[in-house]
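Subject: A structure for you to look at

Hello,

Here is the structure I promised to hand over. Please open it first, and then read my notes alongside it.

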Amino acid sequence: MAAKSIISRPVYGTLSPQPGKHHLFIADAEGALAIAEMAGRAPPGFFGDAEIVFIPGPHGKHTAALEALKSAQLHQAPSFASLLPRLRQTLANAHMGLRLYLAGTEGLIGQAMQVALEAGIDHTSIQTEHRGSLARRMQCVHCKGITENVTTQPATCAHCGLLLLVRDHYSRRIAAFQGVCINAEDRSEIPPMEEIFR
Amino acid sequence: MGITFRKETFRDDFTFKNSPEHIRRFPFPFHEDAYMYAVNIEPHVVGPRGSVLENLIDVDEHYVAEMQDRALVLAEDPLRCQSLPHMTLAGWDLLELLMEQQALGYPEHFTLTRDGDRWRWINRPLGIDDTFTFGDTSTLPYGPMEYITRQSQGDFCILDQRDGNLWMDAGMVTTQADWSLDFDIGMNFFEWHAPVPLAHEKGIFVRALKFLTNIQQGKPARRLNWTMTINPRLDTSPENYHKWGPDRATVTPENVGDKVHLRVELQSFWRLPRSNGIVFPIRCYLIKMDELATQPKWARRLHRVIRDLPDELANYKGLTRYRPALVEWLSKLDDGSATSQGFGPD
């Protein structure tokens with residue numbers, strides 16, 4: 001679980017079955033287990049109206065747990081980027097009564113929510129559950145480039161190379177934490193880099 | 001008699017300064033010898049002649065130079081001015097407000113004439129004379145918010161009101177004290193204030209939001225906020241922090257008077273009539289320590305405020321690196337005598 005932090009930092013809950021006509025689950029890696037656990041609390045036939053989109057990730061595990069749910073559709077994608085066109089199309093064609101469930105890493109939840117927001121879905125209506133890595137997506141406030149899977153504090157911007165303090169300040173619109181130059185006032189000060197987002 | 005606009009810069013050679021009359025009208029933000037957060041909001045009503053409150057939208061001797069600096073910032077970084085798609089109507093509300101207020105307060109410099117939806121706006125200091133159709137964006141060279149805020153001192157945030165909250169959904173932000181519109185746009189009141197230390201725990205933002213969501217049309221409110229800036233630099237954005245941050249390491253006991261500036265924000269809050277949004281102008285005033293020290297009461301009081309500021313606040317305001325040099329410099333102007341009540345100079 002993520003530690004208590006400032007108000008803009010997202011907080012995640014536990015997935016729970018919502019009233020609705022159609023249920024869209026998006027998960028990566030250990031997020032599959034959150035869906036499987038929720039299934040134990042779901043009414044019979046719930047997954048008959050559900051589509052699960054799953055990014056197994058580098059370890060390729062947990063697919064069997066999702067197959068066992070017998071959802072109307074189970075789609076696997078190799079990466080979030082590869083999933084984007086399909087997700088945008090699904091959300092653009094969605095009707096009232098669609099419920100959205102996001103489970104897995106912060107990066108997955110954040111990026112899926114970003115696409116949902118662009119499609120006009122209110123963020124408070126989305127179910128989320130964090131599982132797995134605490135690695136962060138970070139936007140460099142200086143060059144605006146996004147660095148994926150940041151695990152250290154401070155972190156180097158993959159685009160402009162500045163050494164950045166990874167803040168807890170988070171933008172849903174950008175789906176990223178803010179990175180601000182940590183030694184702007186004196187570039188000769190190089191604080192030690194620690195692995196803290198795991 | 002109109003304002004004599006100064007030719008000056010807020011970057012590179014930093015020729016900005018205040019005339020003696022402008023020093024005396026500076027909105028000094030401390031009414032006592034100490035500072036802590038408070039919901040210091042009051043009705044925004046016209047104040048004494050010769051003060052920054054003489055008009056509800058203040059135009060001063062720095063107007064032309066500030067607008068030139070804004071144009072430079074926007075050319076370098078267009079993301080400083082953004083408006084989410086549902087905010088265009090609020091932009092027209094703001095255009096009306098700023099044209100009306102500037103024409104009302106400074107008729108020798110600004111003229112607004114209206115014939116139904118056909119409006120003519122003359123801005124003499126900037127050499128602008130435009131006729132356009134109110135509500136028709138195609139008749140202006142920019143969107144309505146950008147058009148008028150390229151001609152108005154201060155940053156502007158337009159807040160949408162929904163779900164009992166305020167949402168930062170549009171803004172022109174080029175003179176900010178270290179926050180990013182590009183990052184914060186779309187956030188609600190609590191989210192964009194999230195990095196501010198101590199104030200959440202004191203319930204400041206809950207009370208402030210309650211007040212702001214109840215602001216009525218024609219009854220604007222205001223508050224002062226402050227920080228400090230090294231060199232008279234308007235653009236102290238996080239985007240450019242790696243460029244201006246090194247200035248903070250250049251303060252020495254010898255150059256405090258010239259380099260260190262008190263930066264005061266006169267923030268006001270106005271209900272917009274058509275969109276029901278709130279516009280939040282953040283007007284920035286700068287004064288260097290040498291200028292401030294011409295008013296002995298202000299120097300004494302500022303010494304005590306900066307010396308006794310909690311470390312967490314000093315850190316948030318970015319003072320930590322040069323606070324010792326500043327306090328030392330100010331201490332020589334503080335004989336320990338009492339300061340009179342209120343903000344103004346003696």
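Let me start with a term: the domain bounds used here come from an automatic or database domain assignment. On that basis, chain A splits into domain 1 (22–130) and domain 2 (136–195).

A word on conventions before going on. Residues are numbered from 1 along each chain as its sequence is written, while chains are lettered from A and ligands numbered from 1 in the order in which they are written. This is a predicted model, in which local features need pLDDT of at least 70 and side-chain atom pairs count only at pLDDT 80 or more, whereas totals for chains, interfaces and linings use all residues.

**The domains of chain A**

The C-alpha centres of domain 1 and domain 2 of chain A are 29 Å apart. Eight residues of domain 1 of chain A are in contact with seven residues of domain 2 of chain A; contact here asks that the C-beta atoms of two residues, placed from the backbone, lie within 7 Å. On the domain 1 side, the residues divide into two nonpolar, five polar and one charged. For these classes, Ala, Val, Leu, Ile, Met, Phe, Trp, Tyr, Cys and Pro count as nonpolar, Asp, Glu, Lys and Arg as charged, and the others, Gly among them, as polar.

Look for Arg136(A) in strand S6 (residues 136–140) of chain A. Strands (E, at least two residues) and helices (H or I, at least four) are DSSP runs, numbered from the N terminus. Is Arg136(A) buried or exposed? Arg136(A) counts as buried because it has 26 C-beta neighbours inside 10 Å. The cut-offs are 20 or more other C-beta atoms within 10 Å for buried, 12 or fewer for exposed, and partly exposed in between, with C-beta atoms placed from the backbone. Leaving out residues up to four places away in sequence, Arg136(A) touches Glu106(A), Val150(A), Val166(A), Phe177(A) and Phe197(A).

**Where the chains meet**

How many residues does each chain give to the contact? Chain A gives 17 residues and chain B gives 19 residues. On the chain A side, the elements that supply two or more residues are strand S10 (163–171) and strand S11 (176–181). That side has eight nonpolar, five polar and four charged residues.

**Chain B**

Chain B has 13 helices and 10 strands. Its radius of gyration, taken over C-alpha atoms, is compared with a globule rule of 2.2 Å times the number of residues to the power 0.38. For 346 residues, a compact globule would have a value near 20 Å, and chain B agrees, with 20 Å. Of those 346 residues, 40% count as buried.

Now turn to a sheet. Three strands of chain B form an open sheet in the order S3-S4-S5, with antiparallel pairing; two strands pair if DSSP finds at least two bridges between them. Strand S3 (110–115) and strand S5 (128–133) of chain B are the edge strands, each pairing on one side only. From one strand to the next, the twist averages 10 degrees; axes are lines fitted to C-alpha atoms, for helices over the stretch in contact, and angles run from 0 to 180 degrees between N-to-C directions. Six bridges link S3(B) and strand S4 (residues 118–123) of chain B, and Thr113(B) has Arg120(B) as its bridge partner in S4(B). Helix H3 (residues 88–105) of chain B packs on the sheet, touching S3 and S4 of chain B, and its direction makes about 125 degrees with that of S3(B).

Enjoy exploring!

Best wishes
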